[in-house]
Protein chains: 2
Amino acid sequence: MRSLAAAARDASRALAVAPTEKKDRALAEMAKALRRRARAILEANAEDLALARREGKNEAFLDRLLLDKKRLETTAQAVEAVRSLPDPVGEVVDSWRRPNGLRVQKVRLPLGVVLMIYESRPNVTSEAAALCLKSGNAVILRGGKESRRSNRAIATALAFGLSAAGIPEQAVQLVPTVEHEAMLELLSLEGLVDLCIPRGGEGLIRFVAENARVPVVKHYKGVCHVYVHQSADLAMAEEIILNAKAQRPGVCNAAECLLVDRKVSETFLPRAGRRLSAAKVELRGCPETVVILRRAKVPVRPALPGDFGHEFLDLVLAVRVVRDIGQALEHIARYGSAHTEAIVTNELSAADRFGREVTASAVMVNASTRFNDGGELGLGAEIGISTSRLHAFGPMGLRELTAQKYLVHGDGQVR
Amino acid sequence: MRSLAAAARDASRALAVAPTEKKDRALAEMAKALRRRARAILEANAEDLALARREGKNEAFLDRLLLDKKRLETTAQAVEAVRSLPDPVGEVVDSWRRPNGLRVQKVRLPLGVVLMIYESRPNVTSEAAALCLKSGNAVILRGGKESRRSNRAIATALAFGLSAAGIPEQAVQLVPTVEHEAMLELLSLEGLVDLCIPRGGEGLIRFVAENARVPVVKHYKGVCHVYVHQSADLAMAEEIILNAKAQRPGVCNAAECLLVDRKVSETFLPRAGRRLSAAKVELRGCPETVVILRRAKVPVRPALPGDFGHEFLDLVLAVRVVRDIGQALEHIARYGSAHTEAIVTNELSAADRFGREVTASAVMVNASTRFNDGGELGLGAEIGISTSRLHAFGPMGLRELTAQKYLVHGDGQVR
């Protein structure tokens, strides 16, 4: 593993100074190679699938593992989409002049070597490779063991693309073994690996965080709230909570809890409750919520102590009536996971206060929590989401895969 | 330690939303209290000094530990200087609009709780407290054990300042014990401590990095090079290497190695060598350097294998003649420590290439390496220097003590 990482380090040096057009050529060739080698990739994927099915993996797992012609085309298109994004390397982020005449610039440079650890989702292989390549980083890919044949076939295609553009193949390396020890060794290679990005369930991320000596971007759970302020447009609030909860309940930016100001709870909860129930959402309410909803004949269960702060990842929603914005903020500070928090309000001061006081990677005012996503926020694509504040907070796009150095121009200044 | 950190976490919540004027009032009161309690602080420092002297600490150590009236006044002024810097919290770093009408902003927020671990330099206590306070972070201070009385007296003054401004005293806490176990426990408090900044020698930083579960800003050694390109203004190059090496040889942004293009080595080395020798700098040269300098009767020793890449922190300079900029870049990639690298040149393409290809927290073109410093670069003050690329690279000022969240304004957008 050490020599693999050292090779990545060497490749990262070449990549760091590669001109944009060379990286773009590689990305174009990678997309081409994915299409040209579709048959080999789909065959390898079929083998992975057969084995996973024999091992009794559930449907959701198999669906994440599955590649078909259409998905492979989407994968190739994703590589092309990264190609069309602006190159962050060399971007001058800020600049100023010092009294002694020195001109100071902050300029983006790549991080170096990124270690990507992910579950059995073969599309992550090419996506992560594309994002790292465009941002000038070498990447070491360690995917789930059930996808190893698919990953190998994809990595072979990617390597063709790289060498067609004259970029060292070591810029994108798939870990050749799925042994646990190999992963542990990679996680210990301080000085060779600059950043580890784990992508998957909370268990995987905790495992990586606990065993890593290299820096890790942590993406823990998303316990996201939608808070309906007393001044809210209630029709808007209804659409937002429905979307936030039910459009795709299994993802981290889905809402898990609805907070409603007491002043509007009698009006809002019955109508929103009916819509949510019709969308098959199970409601678990605080005592006040239960009284209001039962009176309105909307199905509801009393919330258990563990329901607040819980990431259901399912069609279940905790609901609480709050006194005012102060209590809503307290609730979020206590139960939120710093992922995404939303307020629906028409009052400027409430929007400002919520935006200022909530600590979360994204704070939404009058918009669904579901927009906390690299694509939706305009980053083009994301390699992961950080729920800790170091280095990056929230979706990580190309820029978040870079660092900044000071570039100082003088004409002989000394101290 | 856990309850101390939990108290810091609570205080950080209050501090995160404290208005600038409240923080500024606290800083003003802290400076005042440092002056008002000067006698108690200097007495405590005298006790620390007496004990350290009895323990046989050397003069450099005692000098770093010493506070006198003048130094204490400088310390109070440093707190006031931080007060006058702009508040980074709430700064909108970037903003854009999405096709669906969402307005996206990136807004600075504090990191949370910062753990500062440092050696027996009591001035760091108030400096770190001021920088963390202004950037909205709670800080836990763990200074060297030889300075514990001084630190306690300073922390008492700071607490007066905080409470005079109505900020919880737990925003600035001195660890009440210098036990090793307590420090180890603090370093393990993932989730309560957001960032650890060690400040001191390489040994301290390695110890912290190896024992921390919380994120650490690493500041390893500074092996800085000055490269004299064939097109350099040789008089300027002479001033720059003299300043970079001899103005203050014991600091991390001092130069440790001079690289000279072969085309100008015969002209440059004798004159620069004479100046450096006159400044008592010992020269250790590659074989070519030795020949040139001996011919010019400038004292020089042959460099030993370990002299390149070594941080002398002393009046010693390694010298090497290189073929061209390519060889200089190779040398720096191999032996540099990503701290500060300088080129002296009149050729635009050489300056551009050096600026682009060198991976270092600061790259200087025609200026001394000594400018890689928060104050000199215009950050106002620095809490540390990062030589790793995660989160921050180079001097860390107030902005580097913040993270960024997405603040998104819509008018009912859903996905």
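This is a predicted model: local features need pLDDT of at least 70, side-chain atom pairs count only at pLDDT 80 or more; totals for chains, interfaces and linings use all residues.
Which hand does the crossing of α6(B) and α7(B) have, left-handed or right-handed?

**View 1. Helices α6(B) and α7(B) pack against each other in chain B.**
To settle the opening question, the crossing of α6(B) and α7(B) is right-handed. Helix α6 of chain B covers residues 123-134, and helix α7 of chain B covers residues 148-164. Their axes sit 9 Å apart, and the packing angle is about 30°. Angles under 35 degrees count as roughly parallel, so that is how α6(B) and α7(B) lie to each other.

**View 2. Here are the residues that α6(B) and α7(B) bring to their contact.**
From α6(B) look for B:Thr125, B:Ser126 and B:Ala129. They meet B:Asn151, B:Ile154, B:Ala155 and B:Leu158 of α7(B). Sort the residues of this contact by class and you get four nonpolar, three polar and no charged.

**View 3. Chain A goes onto chain B with a turn of 180°.**
Which residue of chain A comes closest to the rotation axis? It's A:His391, with its C-alpha at 1.8 Å. Both copies use the same surface, as 100% of the contact residues of chain A recur in chain B.

**View 4. Chain A and chain B meet through 56 residues of chain A and 56 residues of chain B.**
On the chain A side, the elements giving two or more residues include the helices α1 (2-16), α10 (234-246) and α14 (348-357). Strands β2 (103-110), β13 (362-367) and β16 (402-413) of chain A are on that list too. Which element gives the most? That would be β16(A), with eleven residues. By class, the side of chain A that touches chain B has 27 nonpolar residues, 18 polar ones and eleven charged ones.

**View 5. Chain A is assigned two domains, domain 1 and domain 2.**
Domain 1 of chain A is written in two pieces, 2-218 + 391-409, while domain 2 runs over 224-376. Taken over C-alpha atoms, the centres of these domains of chain A are 35 Å apart. How many residues of domain 1 of chain A are in contact with domain 2 of chain A? Four are, and they meet five residues of domain 2. The domain 1 side of this contact in chain A splits into two nonpolar, two polar and no charged residues.

Key
Residues are numbered from 1 along each chain as its sequence is written. Chains are lettered from A and ligands numbered from 1 in the order in which they are written. Axes are lines fitted to C-alpha atoms, for helices over the stretch in contact, and angles run from 0 to 180 degrees between N-to-C directions. Helices (H or I, at least four residues) and strands (E, at least two) are DSSP runs, numbered from the N terminus. Angles under 35 degrees count as roughly parallel, over 145 as roughly antiparallel, 65 to 115 as roughly perpendicular and the rest as oblique. A crossing is left-handed if the near helix is turned anticlockwise from the far one by less than a right angle, and right-handed if clockwise. Two residues are in contact if their C-beta atoms, placed from the backbone, lie within 7 Å. Ala, Val, Leu, Ile, Met, Phe, Trp, Tyr, Cys and Pro count as nonpolar, Asp, Glu, Lys and Arg as charged, and the others, Gly among them, as polar. Copies are superposed by least squares on the C-alpha atoms of residues with pLDDT of at least 70 in both. Domain bounds come from an automatic or database domain assignment.
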